[in-house]
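Here are my notes for someone opening this one up for the first time. Have a look at the picture, then walk through the points in order.

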Amino acid sequence: MDCIFCKIANGEIPSTKVYEDDKILAFKDLDPQAPVHILIIPKEHIKWAYDVNSENCAVIAHIFSKIPEIARSQGLENGFRIVNNCGESAGQTVHHIHFHLMGGRDFGWPAG
């Protein structure tokens with residue numbers, strides 16, 4: 001499989017890690033859209049939100065259980081945004097489910 005996020009999770013491609021455990025990895029986005037922009041991925045390859053099911057949903061729940069800890073470690077006590085793009089028309093460019101944790105500035109809605 002030629003998945004850049006799998007290669008990052010396996011240590012084949014370097015990243016600036018901010019959190020890691022046996023199930024997930026959080027690292028700084030190379031093209032940040034906010035002062036703090038962290039990508040959070042499962043180490044298990046899941047293509048997109050359409051592929052979340054009863055067999056792999058525990059890792060997604062684990063990501064969300066760790067988001068407060070990761071956000072606090074990045075100084076995001078005043079709030080943050082979590083984004084998941086599902087499919088190319090939604091802006092998903094890497095086909096490995098991931099969540100953008102962004103903060104450090106005010107956001108508009110729906111874009112900004």
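Predicted model: local features only at pLDDT ≥ 70, side-chain atom pairs only at ≥ 80, totals over all residues.

1. Now look at how β3 is held by its partners. Strand β2 (residues 24-28) pairs with strand β3 (residues 36-42) in the antiparallel sense, over five bridges. Along that pairing, phenylalanine 27 stands opposite leucine 39, and leucine 25 has isoleucine 41 as its bridge partner. β3 also pairs with β5, again antiparallel and over five bridges; there, valine 36 stands opposite glycine 103.

2. How many residues of β3 are buried? Seven of its seven, so to speak a strand that is mostly covered. In a regular strand, side chains alternate between the two faces of the sheet. Here Val36, Ile38, Ile40 and Pro42 point one way, while His37, Leu39 and Ile41 point the other way, and all are buried.

3. Leaving out residues up to four places away in sequence, isoleucine 38 touches Val18, Ala26, Phe27, Lys28, Asp29, Ile70, Gln74, Phe99, His100 and Leu101. Aspartate 22 is 16 residues from isoleucine 38 along the chain, and their C-alpha atoms are separated by 18 Å.

4. On to the aromatics. A search of the whole structure turns up three aromatic pairs. One of them joins phenylalanine 5 and phenylalanine 27: the ring centres are 5.7 Å apart and the planes are at 80°, so this pair is edge-to-face. Phenylalanine 5 belongs to helix α1 (residues 4-9) and phenylalanine 27 to strand β2, so the pair ties together parts that are 22 residues apart in sequence. Both of these phenylalanines are buried.

5. Tryptophan 48 and tyrosine 50 form an edge-to-face pair too, with 5.0 Å centre to centre and 75° between the planes. Are these two residues buried or exposed? Tryptophan 48 has 22% relative accessibility and so counts as partly exposed, whereas tyrosine 50, at 64%, counts as exposed. Lysine 47 lies over the face of tryptophan 48, at 4.7 Å from the ring centre.

6. With 3% relative accessibility, glutamine 92 counts as buried. What do the polar atoms of its side chain lie close to in the backbone? One lies 2.8 Å from the backbone nitrogen of glycine 87, and the backbone oxygen of valine 94 lies 3.0 Å from a polar atom of the glutamine 92 side chain. Beyond neighbours within four places in sequence, glutamine 92 is in contact with Lys47, Trp48, Asn85, Cys86, Gly87, Ile97 and His98.

Conventions:
Residues numbered from 1 in each chain as written. Heavy atoms only, no water. Pairing = 2+ DSSP bridges. Helix = DSSP H or I, 4+ residues; strand = E, 2+ residues; numbered from the N terminus. Contact = heavy atoms within 4.5 Å. Phe/Tyr/Trp six-rings, centres within 6.5 Å; stacked < 30°, edge-to-face > 60°. Buried < 20%, exposed > 50% of the residue type's maximum accessible area, 1.4 Å probe, protein only. Lys NZ or Arg CZ within 6 Å of the ring centre and 35° of its normal. Polar contact = N/O pair within 3.5 Å; in protein donor to acceptor, adjacent residues only side chain to side chain.
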